[in-house]
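User: I'd like to go through this one with you. Can we take it piece by piece?
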Amino acid sequence: MKLSALFQILVLLLFALPGAKGASNDGPSSPRDESVRPADRSDDDLFAKANTEFAAGDFKAAIADYQAVVGSGDWSANLFYDLGNAYFRHGDFGRAILNYDRALRLDQHHPEADANLRIAHDQAHSLELAPSTLDRYLNFGTAGFFAIVAAIFFWLAIIFLILRPGRVLWAIVGMFLAAICGFAAYRLENGTHGQGLAIVTAENAEARVATVDSARSVLALPAGSEVVILQERGDWNYAALPNDQRGWVSASAVEKVQL
Amino acid sequence: MFRQVLFSVLLASATAQFARGDSPKITAVLTSSDVVVGETVQLQIQIDNVGTSVKPPSEIDVPGLQIHYTGESTQMTMRNFAISSSINYSYTILPEKSGIYKIPPQSIRVGKDTLQTPVLTLRVADSPRAAAGTGSNRAPSANTQAGEDKIAFAELLVPKKTAYVGEIIPVVVRIGFNSRARVAEMAPPQLSGQGFTVQKLGEGERNLENIDGRSYVVFNYKTAISAARVGKFQIGPVEQKANILVPRRSSGARRKPFDPFTEDPFSDPFFTLPFGGLMEQHEIGVKSDPVSLEVKALPGGAPPTFSGAVGSFSMTAEANPKRVQIGDPITIKAAISGRGNFDRMNAPELSDERGWHKYPPSSNFKQDDDVGISGTKTFELVVSPNEKLTNVPPLAFSYFDPVKEKYVTLPSEAMPLIVEGNAPAAPAIAGTTPGASAPPAPGGQQKAQDILHQINERGKIISSFAPFYARKEFWLAQLLPLAFALGLMGWKVQNVRASNRAALRAAQLQHERDALLRKLRRDQLAPREYFSDASRLVQLKTALKQTNIEPATVDAETAARVFDLNAEQSERMRRLFATSDEFRYSGAGNGEGALSSHGQRETLELIESLP
């Protein structure tokens with residue numbers, strides 16, 4: 001059996017199941033993809049109603065309806081993008097940034113969310129986390145991309161080992177590449193813009209050196225600022241701050257991007 | 001005596017380390033560059049990473065100065081099992097008359113290398129008053145802790161006491177150590193405070209400075225802060241801990257706990273006694289005074305194109321291509337150079353957007369300094385004309401100039417353009433959908449950059465934010481390649497077993513063939529048994545040649561086909577099998593006489609001719 005044929009079969013196998021279930025949100029799928037899962041009718045109606053309210057300038061009502069759709073658990077990048085727009089129009093830049101970030105988390109290639117996020121950051125004068133050097137290098141792919149590549153390398157190494165038991169070196173190389181890709185996926189998911197990323201939604205929030213309101217302030221955080229939650233303790237979260245320091249932030253002042 | 005012996009042993013054991021160490025370096029300093037006539041000053045020549053013999057200059061001749069060699073001292077340090085050493089040669093200089101003296105470079109041979117000291121300048125005044133008048137132009141800092149007897153100090157230099165929100169203020173953190181102490185370990189300092197953001201501190205720049213007549217090694221860390229809100233803030237203090245190496249005290253003297261802020265470790269007799277002792281390590285802490293900063297709000301009346309840039313900037317713009325069709329994209333490259341808060345800078349805007357579609361701009365920043373407060377930010381704006389136009393309208397970029405304390409709007413030149421085509425293009429990106437044309441956000445002071453339109457389709461429904469590799473679909477998908485790999489492994493095992501069976505079968509057949517052949521050659525057999533064995537032998541040979549044939553199924557035709565026999569051989573083969581069958585089924589030939597030797601040889605020849 002040719003190795004190239006094996007590789008093709010493996011790639012097909014790896015992509016077949018998640019693709020069929022529509023589970024991957026890492027691919028360059030269009031945000032206006034028409035292959036929509038049959039959704040709850042009331043959610044669609046509520047979404048359409050929210051759009052109408054937004055167009056009429058009733059942003060408060062639009063926010064409430066978009067939030068109701070979010071509460072149903074059937075999310076989409078466009079839903080968070082529209083909700084972000086509604087918050088932006090309502091003057092709540094912190095939550096606007098939060099929802100644009102959520103839209104981009106679900107669809108990394110959402111140009112409208114990307115553009116509006118930049119505008120919202122500029123308007124809010126919020127503080128952004130600088131990605132580490134390693135994160136910047138890994139930024140060309142997503143965690144899902146690296147996870148798939150790691151799985152491909154892993155299985156190719158296994159299959160190569162079965163077919164050519166004498167050529168262990170190639171199998172080791174494959175395993176090594178799989179480990180590197182696995183590390184890259186883990187790093188992206190746990191890095192500056194990983195699952196710990198949270199956005200400051202409260203006005204005049206401050207990071208403090210201890211978990212009391214009277215503790216010395218480490219950094220004033222304008223709404224929309226990015227922090228990375230490192231530890232949650234009751235009403236306070238210990239977070240990495242944009243100025244490379246760490247401090248305690250009130251849990252009510254921040255919301256995690258990842259729901 | 002014991003100390004000198006110990007030193008010699010250490011020196012000998014470390015020779016190998018020195019051999020592969022760094023190349024020798026030389027520095028020369030004056031303990032003071034400003035003296036008065038009759039006052040002595042020390043010239044110290046230090047050679048680091050010394051591994052071989054050194055010949056210091058015994059005499060330095062400068063007219064007007066009496067320079068005498070006073071001795072040498074050696075310092076050794078061990079860090080991470082790497083030993084380094086330095087030798088310090090001291091000279092006493094006594095000025096005879098006032099003036100400015102240049103001490104010329106001194107050549108010192110270190111092994112095969114010749115090192116040269118830098119030119120040193122010594123200003124000699126007539127009287128103490130005159131010397132004070134020509135002193136350092138360095139203004140004494142209010143928060144300097146470097147006093148007469150201090151070993152280290154920390155300073156926080158902030159050039160401004162008042163600033164505007166968003167304004168970038170360069171800050172220098174200075175940590176200084178007396179030049180005769182060695183800094184063993186020091187982390188970069190941290191600048192604390194609230195109400196402002198601090199850029200990451202760069203690498204510390206190491207300088208040798210003369211402060212109040214004492215020589216200090218000063219580490220300068222550059223950074224910049226940006227005020228985030230209005231109010232009075234306190235920057236710092238900078239607190240820094242460092243491990244330093246200072247000469248060990250004389251063992252004969254009664255020792256007290258070391259206090260670097262009240263005692264001068266260099267008053268130790270060690271400095272006058274060559275090879276007087278080794279170094280000892282102390283942890284010291286230095287702390288600067290805090291600096292207060294008053295942050296003011298930006299004044300009202302900001303131009304519509306102001307987006308938060310504070311500083312001093314200039315702009316150039318260029319559009320390409322110059323000839324397009326209606327709807328074609330045109331890239332405008334706008335480069336904004338200067339000094340200010342580039343991170344809060346938005347792209348310049350078209351002064352007249354009628355007839356144009358705008359796309360979100362991209363930007364790239366190239367900094368000119370260590371901390372990123374000066375440089376050039378280049379924006380790429382992509383626009384496309386909706387109608388026939390003769391030029392790209394000028395770009396407008398506004399910023400607040402904190403020096404002039406007013407808003408400044410920079411216009412670019414109008415860029416000539418030829419637009420061809422007739423039909424007006426439909427909007428490509430609807431920046432003015434009902435949502436986008438809604439009233440501006442409450443609290444918006446300046447004309448804000450508008451967000452893009454609402455999307456009315458929900459798009460692909462997703463029910464989890466979990467990373468792809470943490471979802472069950474991903475791991476379920478792994479079952480497929482796992483099954484494939486297991487199947488492949490089973491197939492491989494089966495192949496191996498099958499090949500083993502075939503080999504075993506072939507061995508058995510070969511064994512039987514050889515036994516029959518020996519029997520046919522040796523024994524006088526009855527015709528029935530002879531032909532039976534002969535036909536069986538042919539069957540075995542055929543089955544060995546063609547492995548997928550069972551020996552019992554081989555007949556004369558099969559054997560003739562497999563061995564590609566000619567007509568005569570085929571006929572003989574048929575006769576062999578016919579005879580064998582005849583004897584086997586008719587009962588003839590049982591125990592009747594022996595086969596003729598001719599017939600036996602002929603049959604044997606036929607069988608042996610089979611490959």
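User: What does β5(A) pair with through 5 bridges, running antiparallel?

Analyst: Strand β6 of chain A, residues 246-250. This is a predicted model, so read everything here as computed. In that pairing, A:Y238 sits opposite A:W248 of β6(A).

User: How many residues lie between β5(A) and β6(A) in the hairpin?

Analyst: There are 5 residues between them. A:D244, in the turn, has a positive phi of about 65 degrees.

User: And β4(A) with β5(A): parallel or antiparallel?

Analyst: Antiparallel, over 5 bridges. β4(A) covers residues 226-233, and β5(A) covers residues 236-240. A:E232 has A:N237 in β5(A) as its bridge partner.

User: Which residue in the turn between β4(A) and β5(A) has a positive phi?

Analyst: A:G234, at about 60 degrees. That hairpin has 2 residues between its strands.

User: Zoom out. What is chain A made of?

Analyst: Chain A has 9 helices and 7 strands. It has 259 residues, and 48% of them count as buried. Take its contacts between residues at least 6 apart in sequence: 60% join residues at least 24 apart.

User: What's the mean pLDDT of chain A?

Analyst: It is 80, with 84% of the residues at 70 or more. Residues 16-39 of chain A fall below 50. That stretch still has 46 contacts in the model beyond near neighbours in sequence.

User: Over to chain B. How many helices and strands?

Analyst: Chain B has 8 helices and 33 strands. Of its 611 residues, 30% are buried. Among chain B contacts between residues at least 6 apart in sequence, 71% join residues at least 24 apart.

User: Which element of chain B has the lowest mean pLDDT, and which the highest?

Analyst: Helix α3 (residues 128-133) of chain B is lowest, at 40. Strand β30 (residues 395-401) of chain B is highest, at 90. Chain B as a whole averages 75, and 79% of its residues score at least 70.

User: Where in chain B does pLDDT stay under 50?

Analyst: One such stretch is residues 5-21, with 11 contacts beyond four places in sequence. Another is residues 128-148, with 28 contacts of that kind.

User: What about the overall scores, ipTM and pTM?

Analyst: ipTM is 0.70 and pTM is 0.40.

User: Now sheets. In what order do β12, β18 and β21 of chain B line up?

Analyst: The order is β12-β21-β18, in an open sheet with mixed pairing. β12 (162-164) and β18 (231-235) of chain B are at the edges. Each has a single partner strand, so one side of each has no neighbour in the sheet. On average, neighbouring strands of this sheet are turned by 35 degrees against each other, direction ignored.

User: How many bridges between β18(B) and β21 of chain B?

Analyst: There are 5, in the antiparallel sense. β21 of chain B spans residues 291-296. B:G231 stands opposite B:V295 in β21(B).

User: Where does B:V165 lie?

Analyst: In the loop between β12 and β13 (168-178) of chain B.

User: Why is B:V165 called buried?

Analyst: Because it has 21 other C-beta atoms within 10 Å, and the cut-off for buried is 20 or more.

User: Which residues does B:V165 touch, leaving out those up to four places away in sequence?

Analyst: B:A227, B:R229, B:V230, B:V295, B:A297 and B:L298. B:V165 and B:V295 are 130 residues apart along the chain, yet their C-alpha atoms are separated by 6.1 Å.

User: Now β4, β8 and β9 of chain B. Which are the edge strands?

Analyst: β4 (54-55) and β9 (113-116) of chain B, each pairing on one side only. The order of this open sheet is β4-β8-β9, with antiparallel pairing. Between β8 of chain B (residues 107-110) and β9(B) there are 4 bridges. B:R109 stands opposite B:T114 in β9(B).

User: Last one, helices. At what angle do α6 and α7 of chain B cross?

Analyst: At roughly 145 degrees, with their axes coming within 9 Å. The crossing is right-handed. B:A556, B:A559 and B:A560 in α6(B) meet B:S570, B:M573, B:R574 and B:F577 in α7(B). By type, the contact residues are 5 nonpolar, 1 polar and 1 charged.

Methods
Residues are numbered from 1 along each chain as its sequence is written. Chains are lettered from A and ligands numbered from 1 in the order in which they are written. This is a predicted model: local features need pLDDT of at least 70, side-chain atom pairs count only at pLDDT 80 or more; totals for chains, interfaces and linings use all residues. Axes are lines fitted to C-alpha atoms, for helices over the stretch in contact, and angles run from 0 to 180 degrees between N-to-C directions. A crossing is left-handed if the near helix is turned anticlockwise from the far one by less than a right angle, and right-handed if clockwise. Two residues are in contact if their C-beta atoms, placed from the backbone, lie within 7 Å. Ala, Val, Leu, Ile, Met, Phe, Trp, Tyr, Cys and Pro count as nonpolar, Asp, Glu, Lys and Arg as charged, and the others, Gly among them, as polar. Two strands pair if DSSP finds at least two bridges between them. pLDDT is the predictor's confidence in each residue, from 0 to 100. A residue is buried if 20 or more other C-beta atoms lie within 10 Å of its own, exposed if 12 or fewer, and partly exposed in between; C-beta atoms are placed from the backbone.
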